[in-house]
Amino acid sequence: MSEHTWTWDEVRAWFVGRLPDDWFVEVTVRGDRDEILVTGRVPEPAVGDDADQRAVAARSRIEGVREQTREARIAIAADAERRWGRKVSWAVVCGDIEQRFTTASVPVMTRLRLDERRVLDTLIDAGVARSRSDALGWCVRLVGRHQGEWIDQLRAAMEHVEKVRAEGPEVA
């Protein structure tokens, strides 16, 4: 499918329709030009109020879901990758814990000026990051965390623009 013939809502619907009903109580699908991330929420195990025990039980449940669904997830991902031309990654959420697996690490080329490189090098020198690539990833995560609402507004605006474009006249 070409990039302009589908929407993320259609991608989500495809996954929801394709995934067995007993895997997840909720499914979210998001992505970019390179990757589709399918996140499934599973019920929390009933182990009481102790936070440490709940965390251990949640991690155990996530690991169990990962192992039990592996072969089927691989087949579903292969179909989706052929269909949309993007790698498929998976995550499971249980309670407050999210574990991602098989996620893509995509190289991104950028040109930075001296002052921008100095920021990255300072993070390396301070032991915050191991490399410029790691430092740049750290910076992007920090912006996402502190400007998340603004980034979400930008995404929503771009989704609206794409919807209006799709409803526009056909250009041969």
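At what angle do helix α3 (residues 114-125) and α4 pack? In this predicted model, local features require pLDDT of at least 70 and side-chain atom pairs count only at pLDDT 80 or more, whereas totals for chains, interfaces and linings use all residues. Residues are numbered from 1 along each chain as its sequence is written, and side-chain values use heavy atoms, with hydrogens and water left out.

The two helices, α3 and α4, pack at an angle of about 100°, with their axes 9 Å apart. Axes are lines fitted to C-alpha atoms, for helices over the stretch in contact, and angles run from 0 to 180 degrees between N-to-C directions. Helices α3 and α4 are therefore roughly perpendicular to each other (65 to 115 degrees). Contact (heavy atoms within 4.5 Å) involves Arg-117, Leu-120, Asp-121, Leu-123 and Ile-124 of α3 and Arg-132, Ala-135, Leu-136, Trp-138 and Cys-139 of α4.

Strands β1 and β2 run antiparallel and are joined by six bridges; strands pair if DSSP finds at least two bridges between them. A hairpin connects β1 to β2 through three residues. Helices (H or I, at least four residues) and strands (E, at least two) are DSSP runs, numbered from the N terminus.

The largest pocket is lined by 50 residues, of which Trp-8, Gly-31, Asp-32, Arg-33 and Arg-155 lie nearest its centre. A pocket is an open set of points on a 1 Å grid over the protein atoms alone, where a 1.4 Å probe fits, with protein on both sides within 12 Å along at least five of seven lines; lining residues have an atom within 4 Å of a point. The largest share of this lining, 11 residues, comes from α5.

Note on methods
Angles under 35 degrees count as roughly parallel, over 145 as roughly antiparallel, 65 to 115 as roughly perpendicular and the rest as oblique.
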